[in-house]
Amino acid sequence: MSLNVRIITPEKVFLTSETEQVVLPSITGGLGILAGHAPLVTILEAGVLRYKNNGSWTPTVLYGGFAEVENNQVTVLVNGAEEVASSSSIEEVEKALVDATANLEKVKETISEDRKLKPEILKVQIAKARFEAVKMLKG
């Protein structure tokens with residue numbers, strides 16, 4: 001028995017795949033899904049969704065959203081998603097993470113309202129997810 005995972009963004013169906021296992025970036029931590037999993041709905045933070053085919057893990061960067069699991073179907077509705085190229089340089093994505101974090105700290109000095117910081121926090125979360133995904137690919 002296998003799982004069917006679908007990642008849907010506002011623009012398109014980003015991914016449809018049969019898979020052995022999925023790990024979702026839930027707001028409470030990584031959430032592993034196997035065939036036969038109990039039905040659930042969960043909120044996803046920006047992070048790395050991983051799915052396993054033929055013993056090999058594939059990372060996908062998500063920008064946050066929701067996931068529903070039911071009848072061996074994992075439906076992921078997100079604000080955005082991206083594949084990470086195996087040619088990506090770990091140094092490049094690490095620098096982007098450092099830059100996003102530094103920018104967030106700079107913005108914190110001028111903005112006191114948390115809601116106005118959310119776009120900068122999201123940029124850091126996505127940069128961190130890209131870094132984790134590239135590290136996973138580089139093994």
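Modeller: Here is a walk through the salt bridges, pair by pair. Bear in mind that this is a predicted model. As background, oppositely charged side chains can pair when their charged atoms come close.

Let's start with Glu82 and Arg130, whose side chains form a salt bridge with N to O at 2.6 Å. This pair ties together distant parts of the chain: Glu82 belongs to strand β8 (residues 81–83) and Arg130 to helix α2 (residues 114–138), 48 residues apart. Glu82 has a relative accessible area of 17%, so it counts as buried, the cut-off being under 20%. Arg130 comes out at 31% and is partly exposed.

Next, go to helix α1 (residues 90–110). Lys108 and Glu105 make a salt bridge there, with 3.6 Å from N to O. Because these two are three residues apart in the helix, about one helical turn separates Lys108 from Glu105. Both are partly exposed: Lys108 has 39% relative accessible area, and Glu105 has 40%.

Finally, look at Glu113, which bridges to Arg115 with the closest N and O atoms 3.2 Å apart. Glu113 is partly exposed at 34%, while Arg115 reaches 58% and so counts as exposed, since that takes over 50%. There's a further partner here too: salt bridges with shared partners connect Glu113, Arg115 and Lys116 in one network.

Conventions. Residues numbered from 1 in each chain as written. Predicted model: local features only at pLDDT ≥ 70, side-chain atom pairs only at ≥ 80, totals over all residues. Heavy atoms only, no water. Salt bridge = Lys/Arg side-chain N within 4 Å of Asp/Glu carboxyl O. Helix = DSSP H or I, 4+ residues; strand = E, 2+ residues; numbered from the N terminus. Buried < 20%, exposed > 50% of the residue type's maximum accessible area, 1.4 Å probe, protein only.
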